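Here's a quick briefing to read alongside the model. Have the fold open in your viewer and follow the topics one by one.

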Amino acid sequence: MSTDAIERSLLRSALGFDYNTDKVIRTREGEFVRTITKHHPPDINALEFALRARLPERYGTRPATEAFDRTLFLLIKRITPAQTAASEDTVGDGVSDEICRVAYVMSGLSASDSEIAAALGVSLEEFNDLQKQPSLSEALNSGKELVDGALERALSRRAGGYQYEEGDIFCTREGDITRLRVSRHLTGDLKALELWLRAHPGD
């Protein structure tokens with residue numbers, strides 16, 4: 001697996017995800033392959049790394065590596081085009097919707113000001129002037145808060161445990177292939193709980 005593929009998966013692993021996988025079913029007529037949905041819970045090591053990088057004042061020292069920044073830059077390059085359909089619409093202060101969408105996505109991925117400026121095709125000085133506009137400032141803050149909130153919710157769920165559903169498939173005695181949804185419980189993780197309590201002593 002390439003380095004950039006590993007880096008792209010950091011936030012996905014931290015937040016947890018559902019994925020499809022194949023399952024072989026044996027029946028009287030032979031073997032059949034069917035796709036089922038499985039759940040991958042938030043990975044506590046990825047969560048800790050991401051939260052320390054994004055919220056060092058709450059979760060401790062920022063990781064002594066540039067890997068997280070490189071991860072976010074790679075994610076930005078892939079996500080921004082899909083999130084920023086061309087638009088000439090502008091908001092009240094003259095900043096276009098497209099600029100706000102780019103800023104929202106990139107700030108949510110912890111991009112630096114210079115990276116956002118480069119994506120927008122403006123100089124850092126011009127970007128600093130644009131940030132004085134309320135709509136862009138709000139987009140920058142909202143994007144970061146959105147992902148930070150999602151990471152903290154994932155940590156809270158991992159710390160306390162949670163219910164989730166997965167798909168399954170089996171062959172009945174009559175030979176019919178049947179699909180069902182199975183409810184599972186993930187127990188709380190002590191490392192996640194410790195990290196949460198240190199960051200939220202009042203809770």
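Start with Ile25, whose bridge partner in E2 is Phe32. That pair belongs to an antiparallel arrangement in which 11 bridges link strand E1 (residues 17–27) with strand E2 (residues 30–40). Strands are DSSP E runs of at least two residues and helices are H or I runs of at least four, both numbered from the N terminus; two strands pair if DSSP finds at least two bridges between them. Keep in mind that this is a predicted model, where local features need pLDDT of at least 70 and side-chain atom pairs count only at pLDDT 80 or more, while totals for chains, interfaces and linings use all residues. Residues are numbered from 1 along each chain as its sequence is written, and side-chain values use heavy atoms, with hydrogens and water left out.

- With a relative accessibility of 30%, Arg34 counts as partly exposed (buried is under 20% relative accessible area, exposed is over 50%, and partly exposed is in between, using a 1.4 Å probe and protein chains only).
- Setting aside neighbours within four places in sequence, Arg34 is in contact with Thr21, Asp22, Lys23, Ile169, Ile177 and Arg179 (contact means heavy atoms within 4.5 Å).

**Overall layout**

- The chain has 10 helices and four strands.
- Reading from the N terminus, the order of elements is α-α-β-β-α-α-α-α-α-α-α-β-β-α.
- The chain has 203 residues, and 38% of them count as buried.
- Among contacts with a separation of 6 or more, 58% come from residues 24 or more positions apart.

**H3 against H10**

- Helix H3 (residues 44–54) packs on helix H10 (residues 190–199) at about 20°, and the axes are 10 Å apart (axes are lines fitted to C-alpha atoms, for helices over the stretch in contact, with angles from 0 to 180 degrees between N-to-C directions).
- That angle makes the two helices, H3 and H10, roughly parallel (under 35 degrees is roughly parallel, over 145 roughly antiparallel, 65 to 115 roughly perpendicular, and the rest oblique).
- The H3 and H10 crossing is left-handed (the near helix is turned anticlockwise from the far one by less than a right angle; clockwise would be right-handed).
- On the H3 side the contact uses Ile44, Asn45, Glu48 and Arg52, and on the H10 side Lys191, Ala192 and Leu195.

**H3 against H9**

- H3 also packs with helix H9 (residues 134–160), this time at about 145°, with axes 10 Å apart.
- H3 and H9 make a left-handed crossing.
- From H3, Ile44, Leu47, Ala50, Leu51 and Arg54 take part, meeting H9 residues that include Lys144, Val147, Asp148 and Leu151.

**H9 against H10**

- H9 and H10 have axes that come within 7 Å and cross at roughly 130°.
- H9 and H10 are therefore oblique to each other, and their crossing is left-handed.
- Glu152, Leu155, Ser156, Arg158 and Ala159 of H9 meet Ala192, Leu193, Leu195 and Trp196 of H10.

- Leu55 is in the loop between H3 and helix H4 (56–59).
- Leu55 is buried, at 7% relative accessibility.
- Beyond neighbours within four places in sequence, Leu55 touches Gly60, Lys144, Asp148 and Glu152.
- Leu55 and Asp148 are 93 residues apart along the chain, with 7.8 Å between their C-alpha atoms.

**Cysteines**

- How many disulfides does the count come to? The count is zero, with a disulfide taken as a pair of cysteine sulfur atoms within 2.5 Å.
- Cys100 is buried at 12% relative accessible area, while Cys171 is partly exposed at 25%.
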